[in-house]
Amino acid sequence: MTSRLHHFLSASAYQQYVYGYPHKTAYRAFETPKPLHEVWAPEQSGARFLYVHIPFCEMRCGFCNLFTTVNPVETVVERFLTQLEVEARETASAIGGSTYTRAAIGGGTPTYLTAKQLERVVVMMRQTMGLKAAPLSVELSPATVTAEKLEVLGDATRLSLGVQSFVEAEVAAVKRPQSNVEVMRTLDLIRAKSKAHLNVDLIYGMEGQTEASFIGSLETALRWRPEELYLYPLYVRPLTFLGKRATSWDDHRLSLYRAGRDWLNGHGYQQRSMRVFQRRDVVELQLPEYHAEDDGMVGLGVGARSYTKAVHYAHDWAVEPRAVRGIIDDYLARPAASFRSAHSGFELNVEEQQRRWVVLTLFGDGVSEVAFSQRFGVAWPEALPWLSSLVEEGLATLNDGWLRLTPRGLELSDTLGPWLFSEAVEARMCAWEAK
Ligand SMILES: C[S@@+](CC[C@H](N)C(=O)[O-])C[C@H]1O[C@@H](n2cnc3c(N)ncnc32)[C@H](O)[C@@H]1O
Ligand code: SF4
């Protein structure tokens, strides 16, 4: 395993953003559809995550590979909302009563919807799915936010705004038409109308971006004192880097990452993972228990994924605009009964569940020996002995029963993530045909 680790370390520090496992390109059609009541039967019903995916945006940013389509005709949006309600009814009746302790509306851009349409989504989550007083996170893009929509989202506890950069030339270079006046108006509006915690997404590694301009964007963002900042390394090569040595763009991103990390650290923010920075003086909300590595997620809407411990499933998925529209059309045409089963996904054996556990803990607080043993009835050094090579390489420390990444390990999260994949998952991902 150590030589495998060396193989990964010798390549780019930016191989893949791994925030879940296995990746959806490892999903395949099940031989026979799996009835949801069977899939969910072994799961606890008391701490689930409800996720709703809205696959629409008002623009298609040059860097984005999320499942979304741009400015669909209005009838598609209305038909999508109607079908989403059908999916919710069928899902709720198939999996039985659930208590949700987390919820999110993501995309795409949920605020692409009108206030009335957004209200339909919230009502569906509350009335059909039975969502009660759980923390609710919603994604927004600057030009789509209005006071009326913020009112509909009055129960949201976290609003996440994509900004990417406060330098207009930088966002223009990644083909995201966006004006600073609009972004600032939206930030003012959010702060005036909502009590939710604010997250701001920024990207580093864009064409023309320098350490000074990146810090300038951070400084500007801090005028609104966001409770949280997500700093994303850019994952689509800017044109100016074409033809240069592959490492030069890596070096650029790494130096911006370090500059941003150190600057935020000196300005009241604590790093929680490679991408997440939290304002230190924020009083943590008293949240009901939810453990992403153990508790299930019910995903609704084409583009959403759902997880139980042993079965992950999703609708089909694509990036290419025509393929995305085709998948949305298929979703709109599905008979209600088809939502009672999972059709495509991945079944996790115990080793895959252990790898997933590590993916979900290592890049945040760390891998707890006690928690791992309690969950799997075996110590991680016995189940996954190759993980200790992280310590030998100086990428993690092992203290008081916790395996934690060092600063070097943390900045290599996007290298270590893919290293954690099993051969079976890797093979499926390689065989997946991009569309
Ligand atoms: C769902 S969007 C956020 C909300 C909204 N759609 C918007 O763009 O304002 C998710 C975030 O992922 C990040 N992201 C997506 N694709 C990326 C890429 N290729 N490289 C870096 N960051 C990316 C962006 O920061 C983006 O704000
Ligand atoms: S970054 Fe946001 S607005 Fe842009 S295409 Fe992706 S989801 Fe849509």
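What span should the 22 residues of helix H3 have at 1.5 Å a residue, and how far apart are its end C-alpha atoms? Keep that in mind for the first view; the model throughout is a predicted one.

**View 1. Helix H3, end to end.** H3 takes in residues 74–95. At 1.5 Å a residue, its 22 residues should span 32 Å, and the end C-alpha atoms do sit 32 Å apart, so expectation and model agree. Just past the helix comes Gly-96, with a positive phi of about 80 degrees.

**View 2. The buried residues of H3 and what covers them.** Phe-80, Leu-84, Glu-87, Ala-88, Glu-90, Thr-91 and Ile-95 are the buried residues here.

**View 3. The shell around ligand 1.** Count 17 residues around ligand 1, with Ser-141, Gly-162, Asp-201, Tyr-232 and Tyr-235 the closest. By type, the shell splits into nine nonpolar, six polar and two charged residues.

**View 4. A three-stranded open sheet.** The strands run in the order E16-E18-E17, with antiparallel pairing. E16 (367–368) and E17 (396–399) are the edge strands; each has a single partner strand, so one side of each has no neighbour in the sheet.

**View 5. The pairing of E17 with E18.** Zooming in on this pair, E17 and E18 (residues 402–405) are joined by four bridges in the antiparallel sense. Look for Thr-397, which stands opposite Arg-404 of E18.

Definitions and conventions:
Residues are numbered from 1 along each chain as its sequence is written. Chains are lettered from A and ligands numbered from 1 in the order in which they are written. This is a predicted model: local features need pLDDT of at least 70, side-chain atom pairs count only at pLDDT 80 or more; totals for chains, interfaces and linings use all residues. A residue is near a molecule or strand if its C-beta atom, placed from the backbone, lies within 6 Å of it. Ala, Val, Leu, Ile, Met, Phe, Trp, Tyr, Cys and Pro count as nonpolar, Asp, Glu, Lys and Arg as charged, and the others, Gly among them, as polar. Helices (H or I, at least four residues) and strands (E, at least two) are DSSP runs, numbered from the N terminus. The expected span of a helix is 1.5 Å times one less than its number of residues. A residue is buried if 20 or more other C-beta atoms lie within 10 Å of its own, exposed if 12 or fewer, and partly exposed in between; C-beta atoms are placed from the backbone. Two strands pair if DSSP finds at least two bridges between them.
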